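This report describes selected features of a protein chain. It covers a sheet with its helices, a helix pair and the aromatic rings.

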Amino acid sequence: MENFQEQLKNRRTFAIISHPDAGKTTLTEQLLLHGGVIREAGTVKGRGSNKLASSDWMAIEQQRGISVTSSVLQFDYEGKRINILDTPGHEDFSEDTYRTLMAVDSVVMVVDAAKGIEPQTKKLFEIVSQRGIPVFTFFNKIDRDARPALDLVDELETVLGIQAYPMNWPVGSGQVLQGIYDLQADQLVPFKNATIHSEIVDEAMDEIELLRDAGNPFDEDKIAHGQLTQVFFGSALVNFGVTEFLREYLTYAPAPAAMTTVDDKKINPEDAQFSGFVFKIQANMDPRHRDRIAFVRIVSGEFNRGMDVLLQRNGKKLKLSNVTQFMAEERENVQTAVPGDIIGVYDTGNFQIGDTIYSGKKAVQFPDLPTFTPELFNRVVAKDVMKQKSYHKGIEQLVQEGTIQLYKSWNGGDYIIGAVGQLQFEVFQFRMENEYNVEIQFEPIGSKVARWIKPEQLDEKMSSSRNLLVKDRYDEPVFLFENKFALNWFHDKYPDVELEEKM
């Protein structure tokens, strides 16, 4: 048990969030480099070369240089076991990111120093701020021309409404980058081969003086509750400022915290009873085996390979014998794991996103993970009717992952898929063709306003050309309204009918 307590204290589990192209995946690679997990960091943009990002394992990600899935990467550094959850940068996949953010204890926010706070960063930050967990900010790409550092920090505070505390400060940027000034050690960390220009250094020192006089005081309690963010400057691409960032992060980032159940009980990581929840399901991480993996965040107790657990949703008893930990698509079988760790359980169709698993007699249920309401819809059909089996299997597995949402026409068998953004359809089509060998075609039905209706209030006659009646994957009735006007008209006509919107 003493070893368990020691391991627990050394776990750090965080997600990296950013607007697309701010350098999130490049920073992830540099951190892996520090952990000795990879030998060289390939720039993600180098599509012509055969260097591909370690965390972008899916074929479409490697082709396009974007992250559309969350991957889990684990490494050791200076006595700490670090679990990074690399989230999709693309806004169409923010639902996957949202669920991932429920499984971490702190967040690293990467911001392009030339652009400042961008829309996707703001959107993701709002989710993080609701959880009240620590946020560490890394202003990236200072080896290129950047906006003035004072402007960036001011924008961070005003746009996101969080106080900032710089841990280092850039001295110049782009071609005249001199280095970063370490405000803790009170010394300049020179940029490699920089020719020192005294006027640039003087200007930075004046800014630092201003920060010390008028900046926010350092407050560990505010950091712990996500009200004050420590700010770092650097360049992930040229590995400058990353070591300093990682060391400070490990000093202040929290070990795994307690989580609250649906009945408001606190489950502490130290509790002997094992518990965890599924925040992601991923099919075909290994195309040779057509497998499916449920990603589980361990909340309490110790996982031991071969242990029996109960699936809270249906009381089913499961033996956890085939379980892995990750380095993107590289995996190894795991014997034991502790709270904060992410384990991958091979899944034959037992799990759904948001499921709670636990050992022992005392039932545990963590809150459901949110579902977003789709806005774009397509009818989908297989081009080759002979491939119906693969077609149905592909749709079922990709829907269970939460990549897209599935609806069926009320009285027929037509499949309608819904997504938050267009890229989700493209990824769905790409994966159906590449992973299930099924060509599909879409019949667009455009953007709709989806609302759920209670079965006992439903009368099929309520459906019309302006509000299509469909079933969701759980056979619950849903209306797809043509627009907000059609929705309001329905409200006026049926004032007693309650319609529900997901997030």
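Two strands are taken to pair if DSSP finds at least two bridges between them; helices (H or I, at least four residues) and strands (E, at least two) are DSSP runs, numbered from the N terminus. The model is predicted, with local features needing pLDDT of at least 70 and side-chain atom pairs counting only at pLDDT 80 or more, while totals for chains, interfaces and linings use all residues. Residues are numbered from 1 along each chain as its sequence is written, and side-chain values use heavy atoms, with hydrogens and water left out.

**Sheet and covering helices**

Strand 24 (residues 405-409) and strand 28 (residues 467-472) run antiparallel and are joined by three bridges. Within this pairing, K408 has K471 of strand 28 as its bridge partner. Both strands belong to an open sheet of eight strands, in the order 26-23-25-24-28-29-27-30, with antiparallel pairing. Its edge strands, each pairing on one side only, are strand 26 (440-447) and strand 30 (499-500).

Helix 10 (residues 388-400) lies across strands 23, 24, 25 and 26, at about 155 degrees to strand 23 (376-382). Helix 11 (residues 422-435) lies across strands 23, 25 and 26, at about 165 degrees to strand 26. Axes here are lines fitted to C-alpha atoms, for helices over the stretch in contact (heavy atoms within 4.5 Å), and angles run from 0 to 180 degrees between N-to-C directions.

**A helix pair**

The axes of helix 2 (residues 24-34) and helix 9 (residues 242-252) come within 10 Å and cross at roughly 75 degrees. The two helices are therefore roughly perpendicular (65 to 115 degrees) to each other. Helix 2 contributes L27, Q30, L31 and H34 to the contact, and helix 9 contributes V242, T243 and L246.

**Aromatic pairs**

Rings of Phe, Tyr and Trp (its six-membered ring) pair if their centres lie within 6.5 Å; planes under 30 degrees apart count as stacked, over 60 as edge-to-face and the rest as tilted. By this rule there are 22 aromatic pairs, including the two tabulated here.

| Pair | Centre distance | Plane angle | Class |
|---|---|---|---|
| Y165 and F218 | 5.1 Å | 65 degrees | edge-to-face |
| F274 and F303 | 6.3 Å | 55 degrees | tilted |

Y165 lies in strand 6 (residues 163-166) and F218 in the loop between helix 7 (198-214) and helix 8 (220-224), so their pair ties together parts 53 residues apart in sequence.

How values were computed:
Parallel < 35°, antiparallel > 145°, perpendicular 65-115°, else oblique.
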